[in-house]
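Q: I want to learn how to read side-chain features in a model. Please take them one at a time, with the general idea and then the case.

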Amino acid sequence: MSAMMQTRAAKRWIDWAIILCMVLLAICMLLPFLWLFSMSFRPVADAYKMPPSFLPPSLDFSNYVAVLSSKVPFVRIYLNSVLIALVVTVGQLVTCTLAAFAFSRLNFRGRDALFFILLVGLMFPAQVTILPIYLGYAKVGLINQPIGLGLMYLTSSFGVFLMRQFMLSQPKALEEAALMDGAGYLKIFWRISLPQLRPALSALGIITFTQTWNYYFQAKVLLGKQDQMTLPLAMDVLRGYMGAGNLSVVMAAMSMSILPVVLLFLIAQKFVIEGITMSGIKN
């Protein structure tokens, strides 16, 4: 009995040690964000004060007012980022899900070879494909058009891979029964497969939205006018040449720019974890 109690006590101490480590790691991850919001409420003179204080002396909202009233059309740029992120997210949810259904449920010649070629696309960075995309966009008039940046990523190899792996974990019994009853593949996809994909759809949607929200290189190449920029480019403009801009104003702009992504992740983080975890399970 004493040995069992000692074992339980040891496991309890191990659990508390793991929790403590996780708390410390969480604090380390949150500190940059807390410092960002803290800096956004400081006057610029206090931003460079040494030694720095973690908490602002007062909540000064003048930096946020300065962002909204600056020469940079921040509200228009914000709407550009929202439009692009929504177009890409909805596009990938539709195209990646349909493609994953074909790769996981349909038997056709060259399916595995085609899927392998699709995965090879994951190895190529955006810098490799941006030149032909730029030349093509120049011919059709999509340069300096925010919607053009969204059209680039209406589908993705990663999204197809994630959704396919999740579909492979689903039982096929219901689909086979539906086929025997005369249901078509589109009906099976809509009525049987899609309702089971909520965790994977949530995970893909949040990952896609976050990645699209942070696009910098692609936007830098395709979007040159200020009123057509996205938020990462607006941060560059506010920062000024050689970082000569108002640091507190830049921090206020960054605080507003990351807020939608942070809130989205906090609301649906469990779906991200569940979707990625279940995508690795097979029958």
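A: Start with Phe74 and Tyr78, which are about one helical turn apart because four residues separate them in helix H4 (residues 74-105). Helices here are DSSP runs (H or I, at least four residues; strands are E, at least two), numbered from the N terminus. An α-helix has 3.6 residues a turn, so residues three or four places apart point the same way. This is a predicted model, in which local features need pLDDT of at least 70 and side-chain atom pairs need pLDDT 80 or more, while totals for chains, interfaces and linings use all residues. Residues are numbered from 1 along each chain as its sequence is written, and side-chain values use heavy atoms, with hydrogens and water left out.

Q: How many aromatic pairs does the structure hold?
A: A pair of aromatic rings is described by the distance of the centres and the angle of the planes. Rings of Phe, Tyr and Trp (its six-membered ring) pair if their centres lie within 6.5 Å; planes under 30 degrees apart are stacked, over 60 edge-to-face, and the rest tilted. The structure holds ten such pairs. Take Phe74 and Tyr78: their planes are at 55° and their ring centres 5.8 Å apart, so this pair is tilted. Ring pairs also link Phe74 and Tyr78 with Phe209 and Trp213 in a cluster.

Q: Which residues have the most contacts inside the largest nonpolar core?
A: A nonpolar core is a set of buried Ala, Val, Leu, Ile, Met, Phe, Trp, Tyr and Cys residues joined through side-chain atoms within 4.5 Å. The largest one has 33 residues, and Val67, Phe74, Leu149 and Met152 have the most contacts inside it. At least two residues of this core come from each of H3, H4, helix H6 (126-140), helix H11 (198-213), helix H12 (217-222), helix H13 (231-239) and helix H14 (247-278). H14 supplies the largest share, six residues.

Q: What about the surface: which residues form a nonpolar patch?
A: Patch residues have over 30% relative accessible area and no salt bridge; like charges are joined within 9 Å, and nonpolar side chains (Val, Leu, Ile, Met, Phe, Trp, Tyr) within 5 Å. Areas come from the Shrake-Rupley method with a 1.4 Å probe; for residues, only the protein chains shown count as cover. The patch includes Trp16, Ile19, Leu20, Phe33 and Phe54, and its members together have about 1,200 Å² of accessible area. Phe54 sits in the loop between helix H2 (44-47) and helix H3 (62-68). This residue is partly exposed, at 38% relative accessibility. Tyr48 is in the loop between H2 and H3, and is exposed at 52%.

Q: How many salt bridges does the structure hold?
A: Look for a side-chain nitrogen of Lys or Arg within 4 Å of a carboxyl oxygen of Asp or Glu. There are two. Arg111 pairs with Asp112, with the closest N and O atoms 3.6 Å apart. Asp112 is exposed, at 55% relative accessibility. In the other bridge, Arg239 meets Asp236, at 3.6 Å from N to O. Both lie in helix H13, three residues apart, or about one turn. Arg239 is partly exposed at 41%, and Asp236 is partly exposed at 25%.

Q: Which residue lies over the face of Phe115?
A: A charge sits over a ring if NZ of Lys or CZ of Arg is within 6 Å of the ring centre and within 35 degrees of the ring normal. Here Arg164 lies over the face of Phe115, 4.1 Å from the ring centre.

Q: Where is Asn144 found, and what is its phi?
A: Asn144 has a positive phi of about 65°, although it is not a glycine. Asn144 is in the loop between H6 and helix H7 (146-151), and is buried at 19% relative accessible area. Gly240, which follows H13, also has a positive phi, near 80°.

Note on methods:
Buried < 20%, exposed > 50% of the residue type's maximum accessible area, 1.4 Å probe, protein only.
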